[in-house]
Amino acid sequence: QVQLVESGGGLVQPGGSLRLSCAASGYMFSSYGMNWYRQAPGKEREFVAAISWSGGRTNYADSVKGRFTISRDNAKNTVYLQMNSLKPEDTAVYYCKTVVGGVREYWGQGTQVTVSS
């Protein structure tokens, strides 16, 4: 079975940094792209970042471009989201997602990120 497990969330001050991890299992991790989404209380889930299967191509939401970096380590079946210069607006539950076989979506359980003084 496909499993995605996020970790690394927590409380951080504005301007600080945090690194999220998403550990994948149950499928050929290196064959598929990975995505990060986030959802703040009372708001819709939004796209944050994506990375191709090889790591050669990345894409970011305008709101995080220049501050967040997505990467992956296929040997560890893990995708990362390095978050720098964090703002209170970044407070949300962060989820990783993959699409297997072009039709099946799999989501992690999410990890809470809170940016506050």
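Mentor: What follows starts with strand 8 and ends with the chain as a whole.

This is a predicted model, in which local features need pLDDT of at least 70 and side-chain atom pairs count only at pLDDT 80 or more, while totals for chains, interfaces and linings use all residues. Residues are numbered from 1 along each chain as its sequence is written, and side-chain values use heavy atoms, with hydrogens and water left out.

Strand 8 covers residues 78-83. Strands here are DSSP runs of E with at least two residues, and helices are runs of H or I with at least four residues, both numbered from the N terminus. Five of the six residues of strand 8 are buried, so the strand is largely enclosed by the rest of the structure. Buried means under 20% relative accessible area, exposed means over 50%, and partly exposed lies in between, with a 1.4 Å probe and protein chains only.

Strand 8 has a partner in strand 3 (residues 18-25), with six bridges in the antiparallel sense. It is also joined to strand 7 (residues 68-73) by six bridges, again antiparallel. Two strands count as paired if DSSP finds at least two bridges between them. Four residues lie between strand 7 and strand 8 in their hairpin, and there Asn77 has a positive phi near 55°.

Thr78 belongs to strand 8. Thr78 is buried, at a relative accessible area of 9%. A polar atom of the Thr78 side chain lies 2.9 Å from the backbone oxygen of Lys76. A polar contact is a pair of N or O atoms within 3.5 Å; within protein, one must be able to donate a hydrogen and the other to accept it, and residues adjacent in sequence count only if both atoms are side-chain atoms. Leaving aside residues up to four places away in sequence, Thr78 touches Ser21, Cys22, Ala23, Phe29, Ser71, Arg72 and Asp73. Contact means heavy atoms within 4.5 Å.

The link connects distant parts of the chain, from strand 3 to strand 9 (residues 92-100), with the two cysteines 74 residues apart. The torsion about the S-S bond is about 50°, so the disulfide is right-handed. Cys22 and Cys96 are both buried.

Over the whole chain there are 11 strands and zero helices. Buried residues make up 43% of the 117 residues. Of the contacts with a separation of 6 or more, 51% are between residues 24 or more positions apart. The C-alpha atoms fill a box of roughly 40 × 25 × 25 Å along the principal axes.

Methods. A disulfide is a pair of cysteine sulfur atoms within 2.5 Å.
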